[in-house]
Amino acid sequence: MNVGDKVNWNQQHRGGYGYVTPVAAIVLGFTAQRVKVAIFNQRKRRMQEKYVRSANLSPRTKLCKLDEAYAAQQKEAQPA
C-alpha cells in the first residue's frame with residue numbers, strides 16, 4: 001500500500017453487531033499504528049481525514065465521488 005492508493009475502508013460501527021460498511025478512501029500517509037486516509041462525507045459534502053487500522057483497508061477498483069473531489073482539491077492546492 002502506498003500514498004495515493006484507492007482503497008475501501010471497512011468501517012465497523014459501534015454497537016453494529018459486526019455490521020461492516022465499505023467506505024471509499026484514498027491513502028494520504030502512515031503512522032506507526034494507523035493509516036491516514038481521506039474520505040468523502042456525503043452528509044457534510046466535504047472531504048475528511050481519518051486514521052484507521054490497516055487491517056480494515058482493502059483495494060478498490062471502481063471510481064466514485066471521492067476521486068472527483070480529491071482531484072479538484074489537488075488542482076486548487078497547486079500554485080498558479
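Colleague: Which residue takes a positive phi in the hairpin of E3 and E4?
Modeller: Let's start there, and keep in mind that this is a predicted model. Strands E3 and E4 run antiparallel and are joined by 7 bridges. Their hairpin has 4 residues between the strands, and the one with a positive phi, near 55°, is Arg45.

Colleague: In what order do the 5 strands stand in the open sheet?
Modeller: Strand E1 (residues 6-12) pairs with E2 in the antiparallel sense over 7 bridges. Strand E2 (residues 20-30) pairs with E3, also antiparallel, over 5 bridges, and E3 is joined to strand E4 (residues 46-52) by 7 bridges. Taken as a whole, the open sheet has antiparallel pairing and the order E4-E3-E2-E1-E5.

Colleague: Which strands stand at the edges of the sheet?
Modeller: The order of the sheet is E4-E3-E2-E1-E5. A strand at an edge has a single partner strand, so one side of it is left without a neighbour in the sheet. The strands in that position are E4 and strand E5 (57-59).

Colleague: How many degrees does the twist average from one strand to the next?
Modeller: The sheet is an open one made of 5 strands with antiparallel pairing. Going from one strand to the next, the twist averages 45°.

Colleague: How many residues of strand E3 are buried?
Modeller: Strand E3 covers residues 35-41 and has 7 residues. It pairs with E2 over 5 bridges and with E4 over 7 bridges.

Colleague: Is Val27 buried or exposed?
Modeller: Look at its surroundings to begin with. Leaving out residues up to four places away in sequence, Val27 touches Met1, Asn2, Val3, Gly4, Asp5, Val7, Val35, Lys36 and Val37. Its relative accessibility is 0%, so Val27 counts as buried.

Colleague: What is the relative accessible area of Ala25?
Modeller: Ala25 is in strand E2. Not counting residues up to four places away in sequence, Ala25 touches several residues, among them Val7, Val37, Ile39 and Leu66. Ala25 is buried, and its relative accessible area is 0%.

Colleague: How many Å apart in space are Ala25 and Asp67?
Modeller: In sequence, Ala25 and Asp67 are 42 residues apart. In space, going from C-alpha to C-alpha, the value is 8.6 Å.

Colleague: Does Gln48 count as buried or exposed?
Modeller: Gln48 lies in strand E4. Apart from neighbours within four places in sequence, Gln48 is in contact with Val37, Ala38, Ile39 and Asn41. Buried means under 20% relative accessible area. Gln48 has 16% relative accessibility, so it counts as buried.

Colleague: Which residue in E4 stands opposite Lys36?
Modeller: Strands E3 and E4 run antiparallel. Val35 stands opposite Val52 in E4. For Lys36, the residue opposite in E4 is Tyr51.

Colleague: Which residue in E2 is the bridge partner of Trp9?
Modeller: Strand E1 covers residues 6-12 and pairs with E2 in the antiparallel sense. The partner of Trp9 in E2 is Val23.

Colleague: What percentage of the residues of the chain count as buried?
Modeller: Now let's step back to the whole chain. The C-alpha trace spans about 50 × 30 × 20 Å along its principal axes. The accessible surface comes to about 6100 Å², with 48% of it belonging to carbon and sulfur atoms. Of the 80 residues, the share that counts as buried is 28%.

Colleague: How far apart are the mean positions of the positive and negative charges?
Modeller: The chain has 14 positive and 5 negative charges. Each set has a mean position, and the two mean positions are apart by 10 Å.

Terms used:
Residues numbered from 1 in each chain as written. Predicted model: local features only at pLDDT ≥ 70, side-chain atom pairs only at ≥ 80, totals over all residues. Heavy atoms only, no water. Buried < 20%, exposed > 50% of the residue type's maximum accessible area, 1.4 Å probe, protein only. Areas by Shrake-Rupley, 256 points an atom, 1.4 Å probe, with all protein chains shown as cover. Lys, Arg positive; Asp, Glu negative; His and termini not counted. Charge placed at Lys NZ, Arg CZ, Asp CG, Glu CD. Helix = DSSP H or I, 4+ residues; strand = E, 2+ residues; numbered from the N terminus. Pairing = 2+ DSSP bridges. Contact = heavy atoms within 4.5 Å. Axes fitted to C-alpha atoms, helices over the stretch in contact; angles between N-to-C directions.
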